[in-house]
Amino acid sequence: MKKIIIVILGILILVVIGFFVSKKINLNPNYEVGQKVDELNGVTVYYNGGVGNVSGRELTEDGYNLGLKYQCVEFVKRYYYEELNHKMPDSYGHAKDFFDSNVKDGKNNKQRNLTQYTNPSKSKPKVNDLVIYSGTTINKYGHVSIISRVTDKEIEIIQQNPGPFGDSREKYSLINEDGKWKMDNDRILGWLRK
């Protein structure tokens, strides 16, 4: 019985170590970390390898913090800085922290100086809105992306760092019920708009 417990414990330790190593290394031989994989309005999306990979901090020439290179936050902040000329008052924080649960639907999120909408919301999502996702067991920091296209039935998002085999673009159904718009993804907390 003691040997079985030791073997099971050993296997569990290897699984946990393998999980954390896979988040840090590039498992996809088709791309190199830092390689361009997509763009939105001339702002590049870079490949990051494992979701936990960090390649240093990205700062603008005037010292504004964009975030950790090739992470999802770095892309959305770089896009808002370059395309929309927007600097967030609080330039730090994890992706899930972009959404402030104390801010009511359609009100100003002071940390980001953006209007915040809950999922669902009375306001229909628009192109260039930031979409904020909750954390998970695998990724406790959450995720953030940008809406690149909207119809009455779906949205398309563009994202950086979806994982080594994830796509830079995804689509979600957009549902309009009882006067509210809902992005059909249980992890979406809401969206922010300039």
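1. Burial. A residue counts as buried when its relative accessible area is under 20%, and as exposed when that value is over 50%; partly exposed lies in between. By that rule, 42% of the 194 residues of the protein chain are buried. The model is a predicted one.

2. Overall make-up. The protein chain holds 2 helices and 12 strands. Reading from the N terminus, the order is α-β-β-β-β-α-β-β-β-β-β-β-β-β. The C-alpha trace spans about 60 × 45 × 30 Å along its principal axes. Take the contacts in the protein chain with a separation of 6 or more: 51% of them join residues 24 or more positions apart.

3. Surface and charge. The accessible surface of the protein chain is about 10,900 Å². Carbon and sulfur atoms supply 53% of that area. There are 28 positive and 23 negative side chains. The centres of these two sets lie 6 Å apart.

4. Side chains of opposite charge can pair when their charged atoms come close. Here the count is 8 salt bridges. Three of them are taken up below.

5. Asp62 and Lys87. These two side chains form a salt bridge, with N to O at 2.6 Å. The pair links distant parts of the chain, 25 residues apart. Asp62 sits in the loop between strand E3 (57-59) and strand E4 (65-68). Lys87 sits in the loop between helix H2 (72-84) and strand E5 (107-109). Asp62 has a relative accessible area of 47%, so it is partly exposed. Lys87 is partly exposed too, at 41% relative accessibility.

6. Arg149 and Glu154. Their closest N and O atoms are 2.9 Å apart, in a salt bridge. How accessible is Arg149? Its relative accessibility is 30%, so Arg149 counts as partly exposed. Glu154 is also partly exposed, at 26%.

7. Glu156 and Arg169. This salt bridge has its closest N and O atoms 3.1 Å apart. Glu156 belongs to strand E9 (residues 154-158) and Arg169 to strand E10 (residues 169-177), so the pair ties together parts 13 residues apart in sequence. Is Glu156 buried or exposed? Glu156 is buried, because its relative accessible area is 14% and the cut-off is under 20%. Arg169 is partly exposed at 28% relative accessibility. Salt bridges that share partners bring Asp38 into one network with Glu156 and Arg169.

8. The E3 and E4 hairpin. The two strands pair in the antiparallel sense, over 3 bridges. Arg57 stands opposite Leu68 in E4. The hairpin has 5 residues between its strands. Gly63 takes a positive phi near 90° in this hairpin. Asp62, of the salt bridge with Lys87, is in the loop between E3 and E4 as well.

9. Val73. This residue is placed in helix H2. Val73 counts as buried, because its relative accessibility is 11%. Which residues does Val73 touch, leaving out those up to four places away in sequence? They are Leu66, Gly93, His94, Ala95, Phe98 and Val144. From Val73 to Tyr92 the C-alpha to C-alpha distance is 9.3 Å, with 19 residues of separation in sequence.

How values were computed. Residues are numbered from 1 along each chain as its sequence is written. This is a predicted model: local features need pLDDT of at least 70, side-chain atom pairs count only at pLDDT 80 or more; totals for chains, interfaces and linings use all residues. Side-chain values use heavy atoms; hydrogens and water are left out. Helices (H or I, at least four residues) and strands (E, at least two) are DSSP runs, numbered from the N terminus. Buried means under 20% relative accessible area, exposed over 50%, partly exposed in between (1.4 Å probe, protein chains only). Contact means heavy atoms within 4.5 Å. Accessible areas come from the Shrake-Rupley method with a 1.4 Å probe; for residues, only the protein chains shown count as cover. Lys and Arg count as positive and Asp and Glu as negative; His and the chain ends are not counted. The place of a charge is taken as NZ of Lys, CZ of Arg, CG of Asp or CD of Glu. A salt bridge is a side-chain nitrogen of Lys or Arg within 4 Å of a carboxyl oxygen of Asp or Glu. Two strands pair if DSSP finds at least two bridges between them.
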